[in-house]
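Subject: Structure for your review

Dear colleague,

My notes on it follow.

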Amino acid sequence: MTSDSRQQPGVPVGAHAPVDAERLRESLTRLYDIYQKIAEKADDSFNKRCPYKDARSRCTANFGCRNQFFPKDRFERPVCSGSDKLDYRTSWDV
Ligand code: SF4
């Protein structure tokens, strides 16, 4: 017989425990708060960091930008030399 770690005392194997609506509501509220903070951080970051800059500070844009610094290896993506403190959008050649 296998044991189910989610099994609750007093609840037969294979049966579902009754849903505790209050616990569920608290859990969903906590989850919503976590997602809201993630979204706020992403929005804040989007206003400062160019969306074309990847995690390694390489530029993924398919257009010219004066912040692009091209390495000697022409197959490598350009390095973004822009500051995350300035508005990057004025540097774009679009
Ligand atoms: S600021 Fe310019 S160089 Fe930097 S990631 Fe954005 S588009 Fe590329």
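Predicted model: local features only at pLDDT ≥ 70, side-chain atom pairs only at ≥ 80, totals over all residues.

Which residues does Cys50 touch, not counting residues up to four places away in sequence? Cys80, Gly82 and Tyr88 are the residues it contacts on that basis.

Confidence. The chain has a mean pLDDT of 85, and 91% of its residues reach 70 or more. Confidence is highest in strand S2 (residues 79–80), at 96, and lowest in H1, at a mean of 92.

Helix H1. This helix covers residues 21–48, which makes 28 residues. From its first C-alpha to its last it reaches 41 Å, close to the 40 Å expected at 1.5 Å a residue. H1 is hardly covered, and the count of buried residues among its 28 residues is zero. Phe46 is one of the residues in H1. Phe46 counts as exposed because it has 10 C-beta neighbours inside 10 Å, and 12 or fewer is the cut-off for that class. Along the chain, Phe46 and Asp84 are 38 residues apart, while their C-alpha atoms are separated by 9.9 Å.

Cys50 is located in the loop between H1 and S1. Cys50 is buried because 21 other C-beta atoms lie within 10 Å, where 20 or more are required. Cys50 belongs to the largest nonpolar core, whose five residues are Cys50, Cys59, Cys65, Cys80 and Tyr88. In general, nonpolar side chains tend to be buried together in soluble globular proteins. Cys50 and Phe70, 20 residues apart in sequence, are 17 Å apart in space, C-alpha to C-alpha.

The ligand. Cys50 is also among the residues that surround the ligand.

Ser57. The loop between H1 and strand S1 (68–69) also holds Ser57. Is Ser57 buried, exposed or partly exposed? Ser57 is partly exposed because 14 other C-beta atoms lie within 10 Å, a count in between the cut-offs of 12 or fewer for exposed and 20 or more for buried. Its phi is near 65°, a positive value in a residue other than glycine. Leaving aside residues up to four places away in sequence, Ser57 touches Val79 and Cys80. Ser57 and Asp33 are 24 residues apart along the chain, and their C-alpha atoms are separated by 30 Å.

With kind regards

Notes
Residues numbered from 1 in each chain as written. Helix = DSSP H or I, 4+ residues; strand = E, 2+ residues; numbered from the N terminus. Expected span 1.5 Å × (residues − 1). Near = placed C-beta within 6 Å. Contact = placed C-beta atoms within 7 Å. Core = buried A, V, L, I, M, F, W, Y, C linked by C-beta atoms within 7 Å. pLDDT = per-residue confidence, 0-100.
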